[in-house]
Amino acid sequence: MEETIRIQYYQSPCGKLIIGSYGDKLCLCDWQDEGRRKLIDARLQKELHAGYEEGGSATIEEAITQLDEYFDHKRTFFDIPLLFAGTDFQKKVWNELLKIPYGATESYAGLSQRLGNPKAVRAVAAANGANALSIFVPCHRIIGSNRQLTGYAGGLPAKKLLLELESPAGLFG
């Protein structure tokens, strides 16, 4: 029997997201109009042996509540169970992203060093780009070593908005 990934759409202040749950875990929160959309969808469905079905779930409702609180400046961390679908290396990178505090940023080089592999900058960047759980796994907190904004699945305007939301000093304004 094939399992189901329940999906629902969410209009955030910085773009439309697809939110998905598998069982009682969040497995997807990604930008709808994103170039990697097909790759991420294919990876999730293959790894979880599940197809998408539009509809709600308690997990999706909780994710939306937490996103609403985040965008209303009422939440600085997420505590919803996450399900990663990726390689062991990707999962390691995504778990490291979870350790970057609200309002802080890190570079790809810094993230590589935190993982104990300073030469893996490109691999870390690729794993960061494969993140299917935007915002919940804060890949938007990765910036260039020169403190400039670097690529982001939701687009640089969305990344800038998220960083400004988290930065009381308005460092990216």
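User: Hi! In what order do the elements of this chain run from the N terminus on?
Analyst: They go β-β-β-α-β-α-α-β-α-α-β-α, where helices (DSSP runs of H or I, at least four residues) and strands (E, at least two) are numbered from the N terminus. This is a predicted model, in which local features need pLDDT of at least 70 and side-chain atom pairs pLDDT 80 or more, while totals for chains, interfaces and linings use all residues. Residues are numbered from 1 along each chain as its sequence is written, and side-chain values use heavy atoms, leaving out hydrogens and water.

User: How many helices and strands is that?
Analyst: The chain has 6 helices and 6 strands.

User: And what does its C-alpha trace span?
Analyst: About 50 × 35 × 25 Å along the principal axes of the chain.

User: New topic: at what angle do α3 and α5 pack?
Analyst: Helix α3 (residues 88-97) meets helix α5 (residues 121-129) at about 80 degrees, and their axes are 9 Å apart. Axes here are lines fitted to C-alpha atoms over the stretch in contact, with angles from 0 to 180 degrees between N-to-C directions. The two helices are therefore roughly perpendicular (65 to 115 degrees; under 35 is roughly parallel, over 145 roughly antiparallel, the rest oblique).

User: Nice! Which residues make that contact?
Analyst: From α3 come Phe89, Gln90, Val93, Trp94 and Leu97, and from α5 Ala123, Val124, Ala127 and Asn128, with contact meaning heavy atoms within 4.5 Å.

User: How do those residues divide into nonpolar, polar and charged?
Analyst: The contact of α3 with α5 has 7 nonpolar residues, 2 polar and no charged. Ala, Val, Leu, Ile, Met, Phe, Trp, Tyr, Cys and Pro count as nonpolar, Asp, Glu, Lys and Arg as charged, and the others, Gly among them, as polar.
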